[in-house]
Amino acid sequence: MIVETSARHIHLTQEDLETLFGSDVQLTPKKALSQVGQFACAEKVEVVGPKGSLKMSILGPVRPETQIEVAKTDARTLGIDAPIRMSADLEGTPGCKVIGPKGEITIDRGVIVAKRHAHFTPDQAVEFGVKDGQNIQIKLSYNDRSLIFGDVIARVSKTAGLAVHIDTDEANAAGLPGTVDGEVIL
């Protein structure tokens, strides 16, 4: 199963996208992602916290709620105490300011450290013997830094691309050179 490093990024609502880039904006796909229909965009924004700011890529398409995903190191740079959460689990999370070329927004919530997770289609879930929401482990062995990640949540959906997503701090801890193969351990 491939293991991908998910660098800091932002998901925007259509309304927030238009505030940041103007009403005539269309996201410019730069690179297709492993999850069907999702893509990294050419457009970037500046995310501002109490202690600092970071440039971030936008991932498309637009979402129902604006959400910012960072590693713990990024959260410290921003000065935000971002909790570890699954995507879209934003209740009680901190917010921040986001600056685009044509405007800025302040979100009341939405900054998280994304919990590591593995995507499976229903057929792949059967093949690997996992259920949606199940806690699994992923074993990695690269650059003399063998590591087993626990607390990896299985996410099963019809549109999934078979992949594990970890953040940059986790990839650095394992000494990963980029996208690699990992082993599912139940």
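Visitor: What should I know before I start looking?
Guide: This is a predicted model, in which local features need pLDDT of at least 70 and side-chain atom pairs count only at pLDDT 80 or more, while totals for chains, interfaces and linings use all residues. Residues are numbered from 1 along each chain as its sequence is written, and side-chain values use heavy atoms, with hydrogens and water left out.

Visitor: OK, how many salt bridges does a search of the whole structure find?
Guide: The search finds six salt bridges, where a salt bridge is a side-chain nitrogen of Lys or Arg within 4 Å of a carboxyl oxygen of Asp or Glu.

Visitor: Which residue forms one with E65?
Guide: That residue is R109, and the closest N and O atoms of the pair are 2.7 Å apart. E65 lies in the loop between β5 (53–60) and β6 (67–69) and R109 in the loop between β9 (104–107) and β10 (111–114), so the pair ties together parts that are 44 residues apart in sequence. Helices (H or I, at least four residues) and strands (E, at least two) are DSSP runs, numbered from the N terminus.

Visitor: And how exposed is E65?
Guide: E65 is partly exposed, with a relative accessible area of 30%, and R109 is also partly exposed, at 28%. Here buried means under 20% relative accessible area, exposed means over 50%, and partly exposed is in between, for a 1.4 Å probe and protein chains only.

Visitor: Which residues are linked in a network with E65?
Guide: E91 and R109 are linked with E65 in a network of salt bridges.

Visitor: What about the salt bridge of K97, who's the partner?
Guide: The side chain of K97 meets that of E104, at 3.9 Å from N to O; K97 has a relative accessible area of 29%, and E104 has one of 44%. Another salt bridge joins the side chains of R85 and D89, at 3.5 Å from N to O.

Visitor: Switching topic: in what order do the seven strands of the open sheet run?
Guide: The order is β15-β1-β14-β11-β13-β12-β16, and the pairing is mixed, with two strands counted as paired if DSSP finds at least two bridges between them. β15 (180–181) and β16 (183–185) stand at the edges with a single partner strand each, so one side of each is left without a neighbour in the sheet.

Visitor: In what sense do β12 and β16 pair?
Guide: Strand β12, residues 135–140, pairs with β16 in the antiparallel sense over three bridges, and I138 stands opposite V184 in β16.

Visitor: Where does L162 lie?
Guide: L162 lies in the loop between β13 (147–156) and β14 (163–167). L162 and I2 are 160 residues apart in sequence, yet 7.1 Å apart in space from C-alpha to C-alpha. Not counting residues up to four places away in sequence, L162 touches M1, I2, H119, F120, Q124 and F128, contact meaning heavy atoms within 4.5 Å.

Visitor: Last one: how many residues has the largest nonpolar core?
Guide: The largest nonpolar core has 26 residues, and those with the most contacts inside it are V45, I68, V70 and V98. A nonpolar core is a set of buried Ala, Val, Leu, Ile, Met, Phe, Trp, Tyr and Cys residues joined through side-chain atoms within 4.5 Å. The largest share of this core, four residues, comes from β4. A second, separate core of 19 residues includes M1, A118, I138 and V152.
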